[in-house]
Amino acid sequence: LNDLALLLWGNGDLAEARPLYERALHIYERARGPNHPDVATSMNNLALLLWGTGDYPRARFLYARALQINERALGPEHPQVATSLNKLAELLRATDDLAKARPLYERALRIRQRALGPEHPLVATSLNNLAELLQATGDLTGAGALYERALRILQRALGPEHLDVAKTMENYAAL
């Protein structure tokens, strides 16, 4: 159901994708229990679609609930918790709640650095996210330093021609 919903969503059919994501979430909750990490993943999928349709309150609720599930099931320092933190922070940043987004991004970055190592590409993702937030708040020097660090990580890990490198360069150039 999740895969079919993703395919439909990719084709622009949000109206058909949403009930499939909701059904998948319901199945996971019944089969695995309401506090299983698979439930959190399903909530994140649905939240992203809801965000895309402008249902920010429900998306925020689902992201926050997925974060709680992952923290409880996996522990507060698990990389999946960092993913949940990032997702919630991205929505907060997109809805101009920058003050609440920043500590979530910072915590996600700390978790990923400890769990995955300082040179992991997901650390670069967290650096990019935090840099975008700093840029939005006017801290251009801080944002620039984070973009530079993210670029170094991505170029070493993925090569200079990778799409993620180009995206980070674009962000840095816009700064």
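I first listed who touches whom between helix H7 and helix H8, taking contact as heavy atoms within 4.5 Å. On the H7 side I found Pro121, Val123, Ala124, Leu127, Asn128, Leu130, Ala131, Glu132, Leu134 and Gln135. They meet residues of H8 including Leu146, Arg149, Ala150 and Ile153. By class, this contact has 16 nonpolar, three polar and two charged residues. Ala, Val, Leu, Ile, Met, Phe, Trp, Tyr, Cys and Pro count as nonpolar, Asp, Glu, Lys and Arg as charged, and the others, Gly among them, as polar.

A note on the source: this is a predicted model, where local features need pLDDT of at least 70, side-chain atom pairs count only at pLDDT 80 or more, and totals for chains, interfaces and linings use all residues. Residues are numbered from 1 along each chain as its sequence is written, and side-chain values use heavy atoms, with hydrogens and water left out.

Next came the geometry. The axes of H7 (residues 121–136) and H8 (residues 140–158) come within 8 Å and cross at roughly 160 degrees. That makes H7 roughly antiparallel to H8 (angles over 145 degrees count as such). Axes are lines fitted to C-alpha atoms, for helices over the stretch in contact, and angles run from 0 to 180 degrees between N-to-C directions. Helices are DSSP runs (H or I, at least four residues), numbered from the N terminus.

Then I picked Leu127. Leaving aside neighbours within four places in sequence, I found Leu127 in contact with Leu109, Leu146, Arg149, Ala150 and Ile153.

Technical notes
Helix = DSSP H or I, 4+ residues; strand = E, 2+ residues; numbered from the N terminus. Parallel < 35°, antiparallel > 145°, perpendicular 65-115°, else oblique.
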